[in-house]
Amino acid sequence: MSSESSVSRFLPNPKTVAIVGCPFRGGQAKLGVDHGPIHLVEAGLPQQLEGLGWKVEFDGHHQFQKIDTENDPPIGKLKNPRLVSRVCEAVAKVVGGHAKKGQLPLTLGGDHSLAMGTISGTLEQYPDACVIWVDAHADINTAETTDSGNIHGMPVSFLLGLGPKIPEFGWVQPRLDPSRIVYIGLRDVDAGEKRILREQGIRAFSMHEVDKHGIGRVVEMALDHVNPRRDRPVHLSFDVDALDPSVAPSTGTPVRGGLTFREGHYICEAIYETGCLVALDIMEVNPSLAEPEEVKQTVAVGCSLARSALGETLL
């Protein structure tokens, strides 16, 4: 596997990736997703990225201050709201700080509620950035539409400023315009979320479109929608449950009929080729939800997605 040195439109040389390890699971109920980042780093991801020619900065995983559950009762249906808010705000500052220094923040999750923080951090530095969200789920429930109250199903609604205002999340600026986010890989979308996507005019490519057009065309159309001239910074937020469970079994909310190994990697490769990538999230690797071999497989896939998004090519 070689690395193709694509010229970045936004990052100075030498290109530096800052790994932000977020061992955090407060946005959902299952144990173990907080160990995902630790496994990804132990599998050698920092060294692999150095092998692709990146300068890698990694100063250990973030220790988020714990808020005990007694002090964090639900707000409406929302579970662990203060903890999630505080952690995401801390992540926003860290990611924004790296972006300001001209580094590419690579956030390893943890659950996808963290994207509320990572994308806030990116938009702080790149207000015109667009978001490519690769996921089985739309994660756009609001406090009114959520059934579970798990905030990992809600980060996009906070970033867009949808739903009732919740003072605890007052720090989240609704800086993301609905025309600046596009989804790839959706296949498990709640009724309330479908309504929001329609009302907001958000472009989404479900697995139906991937089947119909093929992944190459879908990525092209997705980029044409949010980044027609390929001159806007791109934040790629990749939930490993976008991949079929046969490819990435060790994740919290697996849904059959997902992206193949190659389709997932193609998305990352194509976005790298634009030279516009400024931030990357690899989320929801959960090492406690499968057999050891499946965990190893999922962690390896998480690492190889990151490498593909940062310039690894097949030839």
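Asp224 is partly exposed, with a relative accessibility of 36%; here buried means under 20% relative accessible area, exposed over 50%, and partly exposed in between (1.4 Å probe, protein chains only). The structure is a predicted model, in which local features need pLDDT of at least 70 and side-chain atom pairs count only at pLDDT 80 or more, while totals for chains, interfaces and linings use all residues. Residues are numbered from 1 along each chain as its sequence is written, and side-chain values use heavy atoms, with hydrogens and water left out.

Asp224 takes part in a salt bridge with Arg230, their closest N and O atoms being 2.9 Å apart. A salt bridge is taken as a side-chain nitrogen of Lys or Arg within 4 Å of a carboxyl oxygen of Asp or Glu, and by this rule the count comes to nine. Arg230 also forms a salt bridge with Glu220, where the closest N and O atoms lie 3.4 Å apart. This pair links distant parts of the chain, ten residues apart: Glu220 sits in helix α8 and Arg230 in the loop between α8 (215-226) and β8. Helices (H or I, at least four residues) and strands (E, at least two) are DSSP runs, numbered from the N terminus. Arg230 counts as buried at 15% relative accessibility, whereas Glu220 is partly exposed at 40%. Together, Glu220, Asp224 and Arg230 are linked in a network of salt bridges. In general, side chains of opposite charge can pair when their charged atoms come close.

Strand β8 (residues 234-239) comes next. The strand is mostly covered, with six of its six residues buried. Val234, Leu236 and Phe238 point one way from β8, and His235, Ser237 and Asp239 point the other way. Two strands pair if DSSP finds at least two bridges between them. β8 pairs in the parallel sense with strand β5 (residues 130-134) over five bridges, and His235 is the bridge partner of Val131. A parallel pairing also joins β8 to strand β9 (residues 277-283), over six bridges, with Ile282 in β9 as the bridge partner of Phe238. With helix α9 (residues 261-273), β8 and β9 make a right-handed β-α-β unit; right-handed means that, with the strands pointing away from the viewer, the path from the first strand over the helix to the second runs clockwise.

A cavity is a set of points on a 1 Å grid over the protein atoms alone where a 1.4 Å probe fits but cannot get out, and lining residues have an atom within 4 Å of a point. Grid points are joined across faces, edges and corners, and a volume is the space filled by probe spheres set on the points. By this rule there are two cavities of 30 Å³ or more. The largest cavity holds about 60 Å³ of space, and its lining includes Trp54, Tyr272 and Leu277. The second largest cavity holds about 30 Å³, with Met154, Phe158 and Ile166 among the residues that line it.

Note on methods. On a 1 Å grid over the protein atoms alone, a cavity is a set of points where a 1.4 Å probe fits but cannot get out, and a pocket is an open set with protein on both sides within 12 Å along at least five of seven lines; lining residues have an atom within 4 Å of a point.
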